[in-house]
Each structure stands twice: as structure tokens, then as C-alpha cells.
Amino acid sequence: MATDVTLYIGPATAYKKFRFVDMSAWEAVRSQIISAMNAGKGTIEIAWKGDTIVYVYSPHLMVTWVEKTAE
């Protein structure tokens, strides 16, 4: 299981980077991403510095993450 996840949303030239070390927070975001991807639309809400950033998912929104595990 991952212990550190980095999420990138947007194109490679203008992406927003989020880091998760709290796995319950990551699982909540991950489930939103997977649900939106499966439906082809939806929202992804990410808590960030006391605010909530909301992305409206479409097949054109690039979403990538890197999972690292403890060695």
C-alpha cells in the first residue's frame, strides 16, 4: 500500500501538484477521480490550505498520480 502519493492535474505545461501522506484523504480523492473517470464526467474536490479546490472532470482533463511505498 502506498504511503506517499503525488497527484498531478492538468497538462504537463500547467499542472497543479498535490501531495498526500494521509492515506484516508488520498482514498477519498482517488475514489472521486475513479468515479468521475468511469462516468466520463463529475467533480473532484481536493482540500488545500484551508480551501477546497474543485475540478470538473472531463476526458480532456489530465489526471496522473505517483504512489510510493516505504522500503
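**Rings and strands**

Mentor: Let's start with Tyr8: its relative accessibility is 25%, so Tyr8 counts as partly exposed. Buried means under 20% relative accessible area, exposed means over 50%, and partly exposed is in between (1.4 Å probe, protein chains only). Keep in mind that this is a predicted model, where local features need pLDDT of at least 70, side-chain atom pairs count only at pLDDT 80 or more, and totals for chains, interfaces and linings use all residues. Residues are numbered from 1 along each chain as its sequence is written, and side-chain values use heavy atoms, with hydrogens and water left out.

Trainee: Okay, and why does Tyr15 count as partly exposed?

Mentor: Because Tyr15 has 43% relative accessibility.

Trainee: How many aromatic pairs are there?

Mentor: The count is four aromatic pairs. Rings of Phe, Tyr and Trp (its six-membered ring) pair if their centres lie within 6.5 Å; planes under 30 degrees apart are stacked, over 60 edge-to-face, and the rest tilted. Tyr8 and Tyr15 make an edge-to-face pair, with 5.2 Å centre to centre and 80° between the planes.

Trainee: And why is the pair of Phe20 and Trp26 tilted?

Mentor: Their planes sit at 50°, with ring centres 5.3 Å apart, so that pair is tilted. Phe20 and Trp26 are both buried. Ring pairs also link Phe20, Trp26 and Trp65 into a cluster.

Trainee: New topic: where is Thr6 found?

Mentor: Thr6 belongs to strand β1, residues 4–9. Strands (E, at least two residues) and helices (H or I, at least four) are DSSP runs, numbered from the N terminus.

Trainee: Is Thr6 buried or exposed?

Mentor: Thr6 counts as buried, because its relative accessibility is 10%.

Trainee: What does Thr6 touch?

Mentor: Leaving aside residues up to four places away in sequence, Thr6 touches Lys17, Phe18, Arg19, Thr64, Trp65 and Val66. Contact means heavy atoms within 4.5 Å.

Trainee: Zooming out, which pattern does the protein chain follow along the sequence?

Mentor: The pattern reads β-β-α-β-β-β, giving one helix and five strands.

Trainee: How much of the protein chain is buried?

Mentor: Buried residues are 28% of the 71 residues.

Trainee: What about charges, how many positive and negative side chains?

Mentor: There are 7 positive and 7 negative side chains, and the centres of the two sets lie 7 Å apart. Lys and Arg count as positive, Asp and Glu as negative, while His and the chain ends are not counted. Each charge is placed at NZ of Lys, CZ of Arg, CG of Asp or CD of Glu.
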